[in-house]
Amino acid sequence: TNCLTTVWRLFKNLSEDQQRYEKQLIFEHPAFVKLCQQLLRDSRRMTRGDLVFSLHAVVNLGVPQNTLLVQTLVRVCQEKLNQLDNRCISVLATTLGGLDKDKNVSALQAGLQLLVEQRIPSIRDIFILQNLMKCMGKDAPVFLKKKLEMAVLKEIDHLTFPNALRVFLALAAMNYCSVPILNACSKKIQENVHDAPFRQLILILEACYNLQYRNVKLFSVLADYVNSTAYLWDKRQIILFLSAFETLGFQPTELMGIFVEKVTEDPEFLNLKNLLIVLRVYSRLNYVPRDQKHLFFETLHSCLNKYLPQISNTELLKAVYSLCILGYLPHCALDELLQKDSRDELLQSDDLYKEQKEMMLRCVKACMELDSPSFVKPAFVLTENFSSLVSLNLRKAREALIELLGDENMFRQNVELPYKYHIDFEIRMDSDRKKVLPVAATDDHADSSVQRLAFLFVPLSAFCVGTTCPQGKLAMKKRHLNKLGYHVILVLNKKFQEMTNEDAVEFLKGKIYSENALPFSEVTVQDD
């Protein structure tokens, strides 16, 4: 056992190339064969610790699972399962995580799960608990996940920074979102962020996404740390951070600003893959630099043009779509995209993503018209009522508008506009925003003195996390509705639904009759 564990400890610190070479030498060495034969003979006489650590070393050195040695050690572990102490259980759980399921492994896993369930109350070591959480995995029954959670919470006051990282990732491996544990781990990570390696930070952000855990303070601390140490990071590492933040819907404003400078100063590092990531991140998070907007867009456009001869049509569509969302029209790429051959290839009938691509093409065409410098705001916009029925989540708003305005003829609902745009409620007012006008009286004719208000009741996911900044698609829609002559009011539907009926009426009154409407909470409304 000592020989095997020593070999494994030396082996695991080698690079992948070195491991492949050394593994071949180890397996071909006569002494290793003899060692395995002796291990096979002595397996039933070994102490519990030697047994478990031998299996762990053999598996990690790469001895095939279907060999007599590995299968025998697995069966003996099953026979001696009840004799194992908590440390041995932890090591065995880790080892089984590296084995494929077969008859013997499945039987041992089932027995181990029962044993873990019995032993959890006696385990006080967070390291062992997080290891068991990770090894039990997503398939563990909910009651066992809950027991592990409660055991960790009992010891949460003794949480160290290394264990905070491990527990965070163990919860992700178990696919179990325990907010109290995650909050405690987040606090410890924030306090020690400068000691966290790059890979661990990326894994933490990925775990937050997988667990649907949104902690704005944690995200901000991580973003500020990367921002303050940006000169130490490779540009590709910063791209990975930005991509991880984008999947969370979090806009790290300062970091994105610094990266704009890096791109404009030295765009050569942007290969096609990284270019597509940057375009996706900046468009979804709706980040447009204030000072270098034109230079940044021109730099990205120039990089995209460089890859036009080799880019696939799907990648080209994604790139153009991203730039269009940001309000920039890349003309060379647009010409390439809208060629008949490209469109036919993109919209093949058997493509699983056909609907998504059609939506993206529709948005691109809308941007080509509405964001063109030559576009003039129309005096009259042809609209139609999509349906007289109001969805459940908009009934409260409809009833509040009726109570406020006195008549349902004073507004329109479910309005369809050109370019496939839809608004929840439309209200028309005089030029001073003092009086609401009946819809019928202002219909079917152009009148520049009439102000059009478009109410959009949107989910929290439409905003960047923790802010009133709309994400890319919503920002584009808002921009285009402005071009069509609408004053757009974004309302966070969840907060609106939580209001009393009286508060809902007062809120809408404030929005309708005030040119500079007052927000009703920090993250609920974005007004034009």
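So, how many salt bridges does the structure hold? There are 19 of them, where a salt bridge is a side-chain nitrogen of Lys or Arg within 4 Å of a carboxyl oxygen of Asp or Glu.

Before I go on, some housekeeping. This is a predicted model, with local features needing pLDDT of at least 70 and side-chain atom pairs counting only at pLDDT 80 or more, while totals for chains, interfaces and linings use all residues. Residues are numbered from 1 along each chain as its sequence is written, and side-chain values use heavy atoms, with hydrogens and water left out.

Back to the charged pairs. Take R280 and E246: their closest N and O atoms sit 2.9 Å apart. R280 belongs to helix α16 (residues 272-284) and E246 to helix α14 (residues 235-248), so this bridge ties together parts that are 34 residues apart in sequence. Helices and strands here are DSSP runs, by the way (H or I, at least four residues, for helices; E, at least two, for strands), numbered from the N terminus. The cut-offs: buried is under 20% relative accessible area, exposed is over 50%, and partly exposed is in between, using a 1.4 Å probe and protein chains only.

Next one: K483 and D371, with 3.4 Å from N to O. That pair links distant parts of the chain, 112 residues apart, with K483 in helix α23 (residues 472-483) and D371 in the loop between α21 (354-370) and β1 (384-385). K483 is partly exposed at 29%, and D371 is buried at 13%.

Then there's a strand-to-strand case. E426 bridges to R452 at 3.1 Å between the closest N and O atoms; E426 is in β3 (residues 422-429) and R452 in β5 (residues 451-458), 26 residues apart. Shared partners join R412, E426, R428 and R452 into one network of salt bridges. And both E426 and R452 are buried.

Now let's jump to the start of the chain. Which residues of helix α1 (residues 2-12) are buried? They're L4, T5, W8 and F11. The buried residues of α1 pack against α2 (16-28), α3 (30-42) and α4 (48-61), with contact meaning heavy atoms within 4.5 Å. On the face turned away from that buried side you'll find the exposed residues N2 and L10.

Cysteines, quickly. The disulfide count is zero, using a cut-off of 2.5 Å between a pair of cysteine sulfur atoms. C208 is buried at 0% relative accessible area, and its closest cysteine sulfur, in C177, is 9.0 Å away, too far for a bond. C363 is in no disulfide either, with the sulfur of C367 nearest at 6.5 Å.

N175 isn't a glycine, yet it has a positive phi of about 55°. N175 sits in the loop between α10 (161-174) and α11 (179-191), partly exposed at 44%. N286, also not a glycine, has a positive phi of about 55° too, and lies in the loop between α16 and α17 (293-306).
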